[in-house]
Amino acid sequence: MSVKLFLIRHGQSQWNLENRFTGWKDIDITEKGREEAKEAGIELRGERIDIAFTSTLIRAQHTLDIVLQECGAAGIPVIQDKALNERSYGDLEGLNKADTAAKYGDEQVHIWRRSFDVRPPGGESLKDTYDRTIPYFIHTIFPHLEAAENVLIVAHGNSLRALVMFLDNLSPDEILQRELATGVPLEYIMDRHMLESLRLRYGKTSLA
Ligand SMILES: O=C(O)[C@@H](CO)OP(=O)(O)O
C-alpha cells in the first residue's frame, strides 16, 4: 500500500506581488496567483485526491478551490484549520520587505525571515509555526494517510516549510535553505514503512 500527500503553497497574493510581509493578514491571490493555481490543478489531473486541508486564510482557500476545480476533485471533503495558517509576522505585517531591510539592515531582516527560532517583533518564529503545524498534521491529517487516503494540503510558505522540515527530517540549518514556490505541487509517496517511521519520529520529539 502506498499513499500520496500533495502540498501546494497558495498562488501569488497581492502582498507577494507588492513585496510586503503578510503573515496572518487575510490577503487574496492575484490574477497570476489564480493562473498558478489553475496550472497546479492541471498538474494534478488524473490523481485521486480523497480529502483536502487548508488554512483559514482566503489566499489558501481560493487557491484550493481552483486546484480542486481544475483537477476534477471539486466536492471532496475540505477541512480548514488555523494550525495551517502562515507564521505570524507580528508588527512587520503590511511593511514592505525592501523598505524594512533599508531601515533595519539586510542581516536583521534575513534573521527575522529565515532564522529557525528568532521571532520577528510580536510574531512567530518558524519553530513556533512548527510547534502548531506538526501536531495538527500528526493528530488530524496523518490518520487519513494511514487509512490509505490521498491528501492535499494547500497552505503557506512557512507552515509548509515546517511540514517539509518534519517530513524530510531536515535540520534547522537545512530548512533555512528551502524555499517553496507559489502554486507548485510537491508530491510525497509514502508506504506503510514510511508512515510508521514518521509516527515514530514524531513520538521521539518533545512535541508528542
Ligand atoms: O510575508 C509572508 O507572510 C511570507 C510569505 O510570503 O514571507 P517570507 O517569505 O518572508 O517568510
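**Exercise 1: a helix with a bend**

Helix α6 (residues 126-146) has a kink of about 40 degrees centred on Ile138. The bend at a residue is the angle between axes fitted to the seven residues ending there and the seven starting there. Before you go on: this is a predicted model, where local features need pLDDT of at least 70, side-chain atom pairs count only at pLDDT 80 or more, and totals for chains, interfaces and linings use all residues. Residues are numbered from 1 along each chain as its sequence is written.

Task: find which residues of α6 are buried, and what covers them.

Solution. 
- Step 1: helices (H or I, at least four residues) and strands (E, at least two) are DSSP runs, numbered from the N terminus.
- Step 2: an α-helix has 3.6 residues a turn, so residues three or four places apart point the same way.
- Step 3: the cover over these buried residues includes β1 (2-9), β2 (51-54), β4 (151-155), α7 (157-167), β5 (186-191) and α9 (192-204).
- Step 4: after α6 comes Ala148, with a positive phi near 70 degrees.

**Exercise 2: α6 against α7**

Task: work out how the axes of α6 and α7 cross, and which residues meet.

Solution. 
- Step 1: the two axes come within 9 Å and cross at roughly 70 degrees. Axes are lines fitted to C-alpha atoms, for helices over the stretch in contact, and angles run from 0 to 180 degrees between N-to-C directions.
- Step 2: α6 and α7 are therefore roughly perpendicular to each other (under 35 degrees is roughly parallel, over 145 roughly antiparallel, 65 to 115 roughly perpendicular, the rest oblique).
- Step 3: from α6, Leu126, Thr129, Tyr130, Thr133, Ile134 and Phe137 meet Asn158, Ser159, Arg161, Ala162, Leu163, Met165 and Phe166 in α7; contact means C-beta atoms, placed from the backbone, within 7 Å.

**Exercise 3: α4 against α5**

Task: is the pair α4 and α5 oblique or roughly perpendicular?

Solution. 
- Step 1: the axes of α4 (residues 97-104) and α5 (residues 106-114) come within 6 Å, crossing at roughly 125 degrees.
- Step 2: α4 and α5 are therefore oblique to each other.
- Step 3: Lys97, Thr100, Ala101 and Tyr104 in α4 meet Asp106, Gln108 and Val109 in α5.

How values were computed:
Buried ≥ 20, exposed ≤ 12 C-beta atoms within 10 Å, placed from the backbone. Contact = placed C-beta atoms within 7 Å.
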